[in-house]
Amino acid sequence: MMKLSVIIVSYNVEGFLTQCLVSVERAISQVGADQVEVFVVDNDSVDGTCEIVKRKFPWIKLIENKENTGFAVANNQAIELAKGEYILLLNPDTVVSENTFKACIEYSDNNTKLGGLGVPMYDGGGTYLPESKRGIPTPWASMCRISGIYRLAPKSTKLNSYYAAHLDKDQTSQIDILSGAFMWMRAEALEQVGVLDEDFFMYGEDIDLSWRIIKGGWENYYFTDTQIIHYKGESTKKGSL
């Protein structure tokens with residue numbers, strides 16, 4: 001079994017995907033090309049994504065869908081084929097650090113109860129993204145988030161449990177919810193609790209799966225020894241009518 005399977009779902013984000021794959025290739029160099037496989041599942045892009053992947057990244061395992069199947073279905077297509085001990089669901093509008101894969105593998109290998117892992121994410125301007133670590137979105141937590149009340153006391157456990165305010169953003173900690181932009185999971189945990197729920201087309205499936213991992217007796221972590229850039233929202237914009 002190889003160590004890691006990286007899965008990227010794309011939809012009309014060719015420019016971002018190219019940048020993402022360059023960073024992925026550099027991160028693989030610290031682990032070994034024979035230890036990592038990369039899938040790109042394209043949801044019927046019209047911007048030439050598939051042609052560019054074939055030309056510039058011939059080592060990628062490309063799945064070309066003929067319709068936009070949504071996030072969950074597309075990721076599950078690749079998860080079914082994945083051979084890695086760990087599965088990473090990665091947004092195409094991200095850039096990983098060169099040490100990201102190596103650091104996450106080492107930490108996961110040393111934490112046998114680890115089912116899932118997330119990392120600090122920063123936007124293109126260098127601003128920390130609070131969704132890097134999240135708590136259970138209870139009705140109260142969600143109301144505080146949606147209404148903006150959490151901004152009044154960003155470090156309040158009561159008002160900002162949605163973004164796990166009690167946890168230091170620079171300290172590795174156990175968390176509840178992983179972000180779908182960078183969702184690192186142990187394949188063994190997925191075999192036990194199941195893959196993404198395909199009743200979700202987009203948004204929410206990361207929350208559902210994170211909670212199922214915990215209910216299955218595994219632990220989720222926020223791991224701060226590496227970080228990524230997430231050009232937030234680009235992977236969900238519409239590129240065609």
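Tutor: In this predicted model, the largest nonpolar core has 35 residues. Within this core, Phe101, Phe182 and Trp184 have the most contacts. At least two residues of the core come from each of strand 1, helix 1, strand 2 (36–43), strand 4 (84–90), helix 4 (100–109), strand 6 (114–118) and strand 9 (182–186). Helix 1 gives the most, with six residues. A second, separate core of 28 residues includes Ala82, Tyr122, Leu178 and Met183. As a general background, nonpolar side chains in soluble globular proteins tend to be buried together.

Leaving aside residues up to four places away in sequence, tryptophan 184 touches Leu4, Tyr86, Ile87, Leu88, Phe101, Cys104, Ile105, Ser108, Gly115, Gly116, Leu117 and Leu178. Among these partners is Leu178, which belongs to the second core. Valine 6 lies in strand 1 (residues 2–10), and it counts as buried because its relative accessibility is 0%. Its C-alpha atom is separated by 9.3 Å from that of isoleucine 79, 73 residues apart along the chain.

The figures for the whole chain give the setting. The chain has seven helices and 11 strands, and buried residues make up 52% of its 241 residues. Of the contacts with a separation of 6 or more, 77% are between residues 24 or more positions apart. The accessible surface comes to about 11000 Å², and carbon and sulfur atoms account for 52% of that area.

The aromatic side chains can be considered next. The whole structure contains six aromatic pairs. One of them joins phenylalanine 16 and tyrosine 231 in a tilted arrangement, with 5.3 Å centre to centre and 55 degrees between the planes. This pair links distant parts of the chain, 215 residues apart: phenylalanine 16 is in helix 1 (residues 14–28), whereas tyrosine 231 is in the segment after strand 11 (228–230). Phenylalanine 16 counts as partly exposed, at 24% relative accessibility, and tyrosine 231 counts as partly exposed at 24% as well. The rings of tyrosine 122 and tyrosine 128 form an edge-to-face pair, because their planes are at 70 degrees, with centres 5.6 Å apart. Both tyrosine 122 and tyrosine 128 are buried. Over the face of tyrosine 128 lies lysine 169, at 5.4 Å from the ring centre. Lysine 169 is itself partly exposed, with a relative accessible area of 32%, and forms a salt bridge with aspartate 170, in which the closest N and O atoms are 3.3 Å apart. Elsewhere, ring pairs join Tyr107, Tyr221 and Phe223 into a cluster.

Charged pairs complete the account, and the structure holds seven salt bridges. Lysine 102 counts as partly exposed at 34% relative accessibility, as does glutamate 106 at 42%. Finally, Lys3, Glu85 and Asp109 are linked in a network of salt bridges.

Technical notes. Residues are numbered from 1 along each chain as its sequence is written. This is a predicted model: local features need pLDDT of at least 70, side-chain atom pairs count only at pLDDT 80 or more; totals for chains, interfaces and linings use all residues. Side-chain values use heavy atoms; hydrogens and water are left out. Rings of Phe, Tyr and Trp (its six-membered ring) pair if their centres lie within 6.5 Å; planes under 30 degrees apart count as stacked, over 60 as edge-to-face and the rest as tilted. Helices (H or I, at least four residues) and strands (E, at least two) are DSSP runs, numbered from the N terminus. Buried means under 20% relative accessible area, exposed over 50%, partly exposed in between (1.4 Å probe, protein chains only). A charge sits over a ring if NZ of Lys or CZ of Arg is within 6 Å of the ring centre and within 35 degrees of the ring normal. Contact means heavy atoms within 4.5 Å. Accessible areas come from the Shrake-Rupley method with a 1.4 Å probe; for residues, only the protein chains shown count as cover. A nonpolar core is a set of buried Ala, Val, Leu, Ile, Met, Phe, Trp, Tyr and Cys residues joined through side-chain atoms within 4.5 Å. A salt bridge is a side-chain nitrogen of Lys or Arg within 4 Å of a carboxyl oxygen of Asp or Glu.
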